[in-house]
Amino acid sequence: MQKLTRIKLVRVQYVPKTLEPGLLYVSEEFGAAVHLCACGCRSKVSTPLGPTEWTLEETANGPSLSPSVGNWQLPCQSHYLISGGHIIWAGQWTPAQIAAGRRAEEDRRRAHYDARDRKRGGFLRRLWQWLKSFFR
């Protein structure tokens with residue numbers, strides 16, 4: 001297995017069945033970025049894109065995907081960043097670090113959706129406004 005050092009962006013509507021190493025396939029329509037693991041194990045890595053997931057930036061040098069890609073569910077357990085088309089290898093995480101990272105992800109999601117609900121007035125307020133609209 002040969003570790004990758006570079007990755008290129010390919011925009012697609014649908015992710016192809018057969019993936020090529022060194023390519024980051026991005027479907028804006030489905031909000032997903034998919035690639036083969038950069039360690040060379042050929043495992044498919046899917047990263048959802050969105051405000052509570054990964055963010056993609058297209059730079060002149062290549063794609064940047066944030067946060068890092070931690071393949072904790074794969075046998076290789078590789079961990080890397082994709083920045084300006086470069087693969088930057090990060091250290092292995094302990095099981096405690098993985099658990100803490102997953103908790104932090106959930107906290108970010110919860111904070112995002114809680115803030116969105118507060119901004120929109122919350123579910124009960126929206127329900128009340130909808131019910132009132134029938135009596136106008």
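A pocket here means an open set of grid points where a 1.4 Å probe fits, with protein on both sides within 12 Å along at least five of seven lines; a lining residue has an atom within 4 Å of a point. I'm working from a predicted model.

**Entry: the pocket.** I looked up the largest pocket and got 15 lining residues, with Ser 68, Gly 70, Trp 72, Trp 93 and Glu 105 nearest its centre. Strand E6 (62-70) and helix H1 (95-120) are the elements that each give two or more residues to this lining. H1 has the largest share, at six residues. I sorted the lining by class and found seven nonpolar, five polar and three charged residues. The space in this pocket comes to about 260 Å³.

**Entry: the whole chain.** I went through the elements and found eight strands and two helices. Reading from the N terminus, I get β-β-β-β-β-β-β-β-α-α. The C-alpha trace spans about 65 × 35 × 30 Å along its principal axes. I then checked the radius of gyration: the protein has 19 Å, while a compact globule of 136 residues would be near 14 Å. Of the 136 residues, 30% count as buried. Among contacts with a separation of 6 or more, I noted that 32% join residues 24 or more positions apart.

**Entry: Ser 27.** Is Ser 27 buried or exposed? I have it as buried, because its relative accessibility is 2% and the cut-off is under 20%. Ser 27 sits in strand E2, residues 23-27. A polar atom of its side chain lies 3.2 Å from the backbone nitrogen of Phe 30. Beyond its neighbours within four places in sequence, Ser 27 touches Val 12, Gln 13 and Ala 32.

Conventions. Residues numbered from 1 in each chain as written. Predicted model: local features only at pLDDT ≥ 70, side-chain atom pairs only at ≥ 80, totals over all residues. Heavy atoms only, no water. Helix = DSSP H or I, 4+ residues; strand = E, 2+ residues; numbered from the N terminus. Buried < 20%, exposed > 50% of the residue type's maximum accessible area, 1.4 Å probe, protein only. Polar contact = N/O pair within 3.5 Å; in protein donor to acceptor, adjacent residues only side chain to side chain. Contact = heavy atoms within 4.5 Å. 1 Å grid on protein atoms, 1.4 Å probe; cavity = no way out; pocket = protein on both sides within 12 Å on 5 of 7 lines; lining within 4 Å. Points joined across faces, edges and corners; volume = space filled by probe spheres on them. Nonpolar A, V, L, I, M, F, W, Y, C, P; charged D, E, K, R; others polar. Rg over C-alpha atoms; globule rule 2.2 N^0.38 Å.
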